[in-house]
Amino acid sequence: MLQLKVIGTADLPAVLALQAQCYGPEFLESAEAFEAKLRAARHLHCSYLAVEAGEPLAYVVSLPVDDGQLPALDAQEVVPARAPRTLYLHDLAVSPAGRSRQLGRKLLRQVVNRAQDMGLAQIALVAVQGSREYWQRQGFAAADAPSGSALAQKLASFGPGATLMRRALGPV
């Protein structure tokens, strides 16, 4: 039976192993970067690991952010948000063994529900590895990052072709 559990630091080896199955080397983040994101959202329960029969199959890491805030790829420090309006979906990865099970959609639904429970206005993410169309099908639209802004610089850390995307949330 599939279980969605809140990610803790003890789950980082499983997260890193799943990440390595899903991303090219230019997108791999360190354990320290994941820890920083988990610390910034401590006790908010917005990052999840999908496990079945003890086998990790997928994960999503998200954290509330202030307007214009976006952790760079592999950021070793993440400042907790003071007045978040957005749940930033930093990473969603599904193992090859879990891809036929719509785990990405299940994890996204969990994140949407959590963002609504927190009273946030939107979810944002950075689409990489040609995933923009997938995210559009999930209700996200490309968003601008003003040229030369701190946000644009952080977006650039994800490499060429990275697209900032947002999805507005209606009332619960």
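Me: What is the mean pLDDT of the protein, and where is confidence lowest?

Reply: pLDDT is the predictor's confidence in each residue, from 0 to 100. Where it is low, the predicted coordinates should not be read in detail. Here the mean is 92, and 99% of residues reach 70 or more. Confidence is lowest in helix H5 (residues 150–156), with a mean of 84, and highest in strand S2 (residues 48–52), at 97.

Me: Back to Asp 91: which side chain of opposite charge is nearest?

Reply: Side chains of opposite charge can pair when their charged atoms come close. A salt bridge is a side-chain nitrogen of Lys or Arg within 4 Å of a carboxyl oxygen of Asp or Glu. For the search by charge, Lys and Arg count as positive and Asp and Glu as negative, while His and the chain ends are not counted. Asp 91 is buried (under 20% relative accessible area; exposed is over 50%, partly exposed in between, with a 1.4 Å probe and protein chains only). Asp 91 has no salt bridge, and Lys 37, the nearest side chain of opposite charge, is 8.4 Å away. The Asp 91 side chain does make a polar contact with that of Tyr 59, at 2.4 Å. A polar contact is a pair of N or O atoms within 3.5 Å; within protein, one must be able to donate a hydrogen and the other to accept it, and residues adjacent in sequence count only if both atoms are side-chain atoms.

Me: How many salt bridges does a search of the whole structure find?

Reply: The search finds three. In one of them, Glu 29 meets Lys 37 at 3.3 Å, N to O; Glu 29 is buried at 6% relative accessibility, and Lys 37 is buried at 1%. Lys 5 pairs with Asp 11, with the closest N and O atoms 3.0 Å apart. Glu 52 and Arg 101 meet at 2.8 Å, N to O. Glu 52 lies in strand S2 and Arg 101 in the loop between S4 and helix H3 (103–117), so this pair ties together parts 49 residues apart in sequence.

Me: Which phi value does Asp 74 have, and in which loop does Asp 74 lie?

Reply: Most residues other than glycine have a negative phi. Asp 74 has a positive phi near 60°, in the loop between strand S3 (55–65) and strand S4 (86–94). Asp 74 counts as partly exposed because its relative accessibility is 30%. Gln 129 also has a positive phi, about 55°, and lies in the loop between strand S5 (122–127) and helix H4 (132–137).

Conventions
Residues are numbered from 1 along each chain as its sequence is written. This is a predicted model: local features need pLDDT of at least 70, side-chain atom pairs count only at pLDDT 80 or more; totals for chains, interfaces and linings use all residues. Side-chain values use heavy atoms; hydrogens and water are left out. Helices (H or I, at least four residues) and strands (E, at least two) are DSSP runs, numbered from the N terminus.
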